[in-house]
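Student: I'd like to take a close look at one part of this protein. Could you pick a piece, walk me through its surroundings, and then follow the charged pairs around it?

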Amino acid sequence: MNIVLDESNVCILNSGGPMSRTRTESVRLSLLGLDDGPIRCPLRLRLALWFGDDDPREIVTGLLEDRGLRVPDDLRDIIDLPPGPLLCRPLPDDCSRLNVATADPDEVLHQALLLGLCTAHRYDPQRPVLWTRASLGRALELYDPRGFYA
């Protein structure tokens with residue numbers, strides 16, 4: 001059986017048979033964000049930067065150089081990172097984002113570091129920091145799955 005969630009959280013089930021056996025269900029509940037109970041997957045962070053029409057890589061690289069650092073991985077020495085892997089969920093396109101033009105540069109670099117350690121679905125502190133337009137342009141919620149697997 002294939003289970004797929006589309007961008008509007010509609011679950012499409014296909015048992016491998018003809019299209020007449022395909023079923024669509026709306027998902028109305030998520031384990032993500034639960035802070036208590038036997039299954040927990042609490043929200044830890046929200047990450048979203050707004051660069052306007054500017055190039056995200058140029059902006060964060062400039063902020064990095066202003067701090068006297070050479071490469072994004074150098075930020076690991078001055079920013080505390082969440083210790084283990086986290087699950088990521090995209091935020092809606094119209095979510096509130098931190099405006100990099102007016103924000104504290106340290107907060108921008110903090111979020112940029114974390115976004116560089118994320119894929120669209122997972123944060124991994126052991127991963128190399130990758131600053132691409134795609135990674136810096138993501139808006140994500142990060143959840144701690146340790147209470148789910150306990």
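Tutor: Happy to! Let's start with pLDDT, which is the predictor's confidence in each residue, on a scale from 0 to 100. This is a predicted model, in which local features need pLDDT of at least 70 and side-chain atom pairs count only at pLDDT 80 or more, while totals for chains, interfaces and linings use all residues. Residues are numbered from 1 along each chain as its sequence is written, and side-chain values use heavy atoms, leaving out hydrogens and water. The protein's average pLDDT is 82, with 69% of the residues scoring at least 70. Confidence is lowest in strand 1 (residues 2-5), with a mean of 51, and highest in strand 6, at 98.

Next, the setting. Along the sequence they follow the pattern β-β-β-β-α-β-β-α-β-α-β-α. Of the 150 residues, 33% are buried; buried means under 20% relative accessible area, exposed means over 50%, and partly exposed is in between, with a 1.4 Å probe and protein chains only.

The piece I'd pick is helix 2. This helix runs over residues 105-116, and its twelve residues reach 16 Å from first C-alpha to last, close to the 16 Å expected at 1.5 Å a residue. That expected span is 1.5 Å times one less than the number of residues. Its buried residues are V108, L109, Q111, A112, L113, L114, L115 and G116. What covers them includes strand 4 (43-50), helix 1 (56-66), strand 6 (98-99), strand 7 (122-123), helix 3 (133-137) and strand 8 (139-143).

Now for the charged pairs. A salt bridge here is a side-chain nitrogen of Lys or Arg within 4 Å of a carboxyl oxygen of Asp or Glu, and the structure holds seven of them.

The side chains of R46 and E141 form a salt bridge at 2.9 Å, N to O. Because R46 lies in strand 4 and E141 in strand 8, this pair ties together parts that are 95 residues apart in sequence. R46 is exposed at 53% relative accessible area, whereas E141 is buried at 6%.

E141 has another partner: R89, with the closest N and O atoms 3.0 Å apart. This pair, too, links distant parts of the chain, with E141 in strand 8 and R89 in strand 5, 52 residues apart. R89 is partly exposed, at 30%. Together, R46, R89 and E141 are linked in a network of salt bridges.

How values were computed:
Helix = DSSP H or I, 4+ residues; strand = E, 2+ residues; numbered from the N terminus. Contact = heavy atoms within 4.5 Å.
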